Amino acid sequence: MINPLTTPSCAHCGKPAESPIVKNGNAFCCHGCLNVFEMLNEGQCEVPNAKKHASYAYLDLDISTREHVRFDSEGLALITVVLPDMHCASCVQFLEHLYKKNSAIQQSVVNFPRKELRIRFDIKELPLSQLAELLANAGYPPEMREKAKAVHKKKESRLIAQIGIAGFCFGNIMLFSFPEYLGAEDVESEFKNLFAYLNFGLALPVMLFSGWGYLSSAFTAIKNKTVNLDVPISIGMLAIFLRSAFEVISASGAGYFDSLAGLVFFLLIGKWYQARTFKVLSYDRDYKSYFPIAVMRKTNDNREEFVPIGELIPGDEIIIHHREIIPADGVLIDGEATIDYSFVSGEADHLRVDKGEEIKAGGRQMGASIAVRVETPVEQSKLTRLWNSEAFLKDAKESVQNPVDRISKHFTAAILVIAAVSFAYWFNIDEATAWRAFTATLIVACPCALALTLPFTFGSSTRIFGKQGIYLKNANIIEVMARLQHLVFDKTGTLTRANDYKMEWRGRELSEDEISVVATITDQSAHPLSRKISTTYKNDRVSIQNFNETEGQGVSAESEVGEVKIGNAKWLGASLSTDSGTHVYVSINGTIAGYFSFEKPLRTGLNDELDALKSHYELTLLSGDNASEQERYSPFFNADHMHFSQSPQDKMTEINRIKETQTVAMIGDGLNDAGALKAADFGIAVVDDLYAFSPACDAIMHADVLKNLNRVFDFARQALKTVRLSFLISFVYNVVGLSFAVQGSLTPLVAAILMPLSSVTVVIFTISRSHWQARRLGLTGEK
């Protein structure tokens, strides 16, 4: 039996169950522990019999399905719901094993920080309303993203109303308190009492409506035996209100209702300001204004042009090359589509799509180029979530966020102790000073400046990077940039630019038909050398079959002239040429016809930039080309740091070796380097005119920015320095503020003004210093 006089331990995780869920004599701290306990002991999760919830019936309507659900290549439904009641690791464990509860659920993945659950299920066997009921009956009533946004909008409206009520009451209380401010002795006592009771009445909506959020939050925290930042604020509010009410009722004074109303008013303004700021800096947002994904679109006169995907509209015809991501739902109108939906479904499934059939956004074409007619507008936020999906997460190292979490955890408890000691010290000396010191201490101290430092500093830096042509996966990656020790470069398409290549054919003379086939095959690939070959030859494109691209090796296809392979010498079994430069060999029906020789000059400005980088980092070159150009790169890379004829697997292996001792960045073209980009602590995909989206990278960088790479990394280091300086400012503010508060030198009203002012100071400092550093380093103006 459970003893109601003690706090029981959870039967599953062993933690205290403050508000226990009791079943069969066992106590559990949350539904997750209850369900996991039953799953482990009974072999399955015992969820109460599903009840029909009228609130979820609407989900079975076609319009709801179209709005909330996507479908993968196997026809399985994909949906992401918000679960506000997700509590702990046991909740995660239970929710990610939902397939044991219902066989129609194939997969469920939790995003715990966002309290989201992504479910892959058979909607024919488990309608959406029943899925919602299953979650609700298990203790996790779901909310659709749109509903969650609507709830957030409703909360914003309520906050505005709370500010309005607090401001109205604050102004009128000050008006009725003018006799007290002026020390007027000739005001009749009847009017003084009337003004005091009017102030009392005006203070009630301030406490019960405007300040209710702080009181309820503090009550919930205390009920669950925890302490949050709202606890000292609420204690301060209650202390002022109760003492003022006592003075008015006992006719011993006018109280401090003006301080109370002003305190709540300024606290709410600070809360609104922070909420608006976080909304602007939220990284799960629309990338239309700066995210550099473009796609090839056919014009009305049958020309081809690259356009940002945000400009696509239904009816546009787009060309998707091998390994490119499909940015919008559409219909296949030409070509053979083999779509890899692993980024969407999490499964390595390839689906053959025939002409006239639908293709879903997020899939990747694995084969020859295809033509797709756009059916729905582009939702770039889906590509944002794809870029930040679990499949591309990396192990986090020690972060500046860690000390923030540690300080914030103990901050409130320390402030309560300081306030209590101050009150006890002053109580026998001067009771008025004791109350003033107690309330001011509770209010003036605030870790908010600490909490705002990271989002504002990294958010401002992200915007500056974006204007320069550097597009980060998320803002926190800036910290990794600041701690880099080793830079690894790919050569082709990274240090060199395809448009600057000088190409020459060396071999037997190719017929017009053979040239057309070579141009057509290379036209299917997004590799820089393939693009150079295909754009050099203007011959008519011909029909090919069985196109295939072997990563890091080459391309092949069947054609009217036979089997044609185009790639490196090792892959084709050709004898290596002794000529300098990079060589791409052509084999027709098993016979080497010759090779294309490329002279690839370094990008403009890279000579000086590589010299500058050498003084700050270790540099390594990894190239799939032969070693014929080793001497050319020797001024920038040590001999034992240059590796040629590297396969994608070789590059990834070398990155993992370096990672064991150093923080490493991989700078590549995002095509053949996906494995190495993902393996590195920081992966940069360098792009020219073709914006090939690689979810494995942490940043997409316009190639023109490479000549400023040292300054870019210097700016990241300065961003980290800004964070540390902001921490110092916050620390000094709290020390100075508390030193005045404990002496009783601050009124609660002044403390309430200083509290949000500290946050404003940090915001101004971080943004100003970030922009100043950008100007100092020459990282100003738009790319």
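Analyst: The buried residues of helix H18 are Glu514, Ile515, Ser516, Val517, Val518, Ala519, Thr520, Ile521 and Thr522. Buried means under 20% relative accessible area, exposed means over 50%, and partly exposed lies in between, with a 1.4 Å probe and protein chains only. This is a predicted model, in which local features need pLDDT of at least 70 and side-chain atom pairs count only at pLDDT 80 or more, whereas totals for chains, interfaces and linings use all residues. Residues are numbered from 1 along each chain as its sequence is written, and side-chain values use heavy atoms, with hydrogens and water left out.

Helix H18 covers residues 512–523, which is 12 residues. From its first C-alpha to its last, H18 reaches 16 Å, close to the 16 Å expected at 1.5 Å a residue; the expected span is 1.5 Å times one less than the number of residues. Helices (H or I, at least four residues) and strands (E, at least two) are DSSP runs, numbered from the N terminus. Because 9 of the 12 residues of H18 are buried, this helix is largely enclosed by the rest of the structure. What covers the buried residues includes helix H19 (528–536) and the strands E20 (545–550), E21 (554–559), E22 (562–567), E23 (582–588) and E24 (591–599). Contact here means heavy atoms within 4.5 Å.

The loop between E23 and E24 holds Asn589. Its phi is near 55°, a positive value in a residue other than glycine. Asn589 is partly exposed, with a relative accessible area of 49%.

Helix H14 (residues 431–444) and helix H25 (residues 709–741) pack at an angle of about 170°, with their axes 9 Å apart. Axes are lines fitted to C-alpha atoms, for helices over the stretch in contact, and angles run from 0 to 180 degrees between N-to-C directions. H14 is therefore roughly antiparallel to H25, a label used for angles over 145 degrees, while those under 35 are roughly parallel, those from 65 to 115 roughly perpendicular, and the rest oblique. In this contact, Ala437, Ala440, Thr441 and Val444 of H14 meet Tyr733, Asn734, Gly737, Leu738 and Ala741 of H25. These residues divide into 6 nonpolar, 3 polar and no charged. Ala, Val, Leu, Ile, Met, Phe, Trp, Tyr, Cys and Pro count as nonpolar, Asp, Glu, Lys and Arg as charged, and the others, Gly among them, as polar.

Two single residues complete the picture. Ile478 lies in helix H16 (residues 477–482) and counts as buried at 0% relative accessibility. Leaving aside neighbours within four places in sequence, Ile478 is in contact with Phe458, Ser461, Thr462, Phe465, Leu472, Ala716 and Ala719. Arg297, in strand E8 (residues 294–298), also counts as buried, at 15% relative accessibility. Its side chain and that of Asp316 are joined by a polar contact of 3.1 Å. Such a contact is a pair of N or O atoms within 3.5 Å; within protein, one must be able to donate a hydrogen and the other to accept it, and residues adjacent in sequence count only if both atoms are side-chain atoms.

In the protein as a whole there are 26 helices and 29 strands, and 52% of its 783 residues count as buried.
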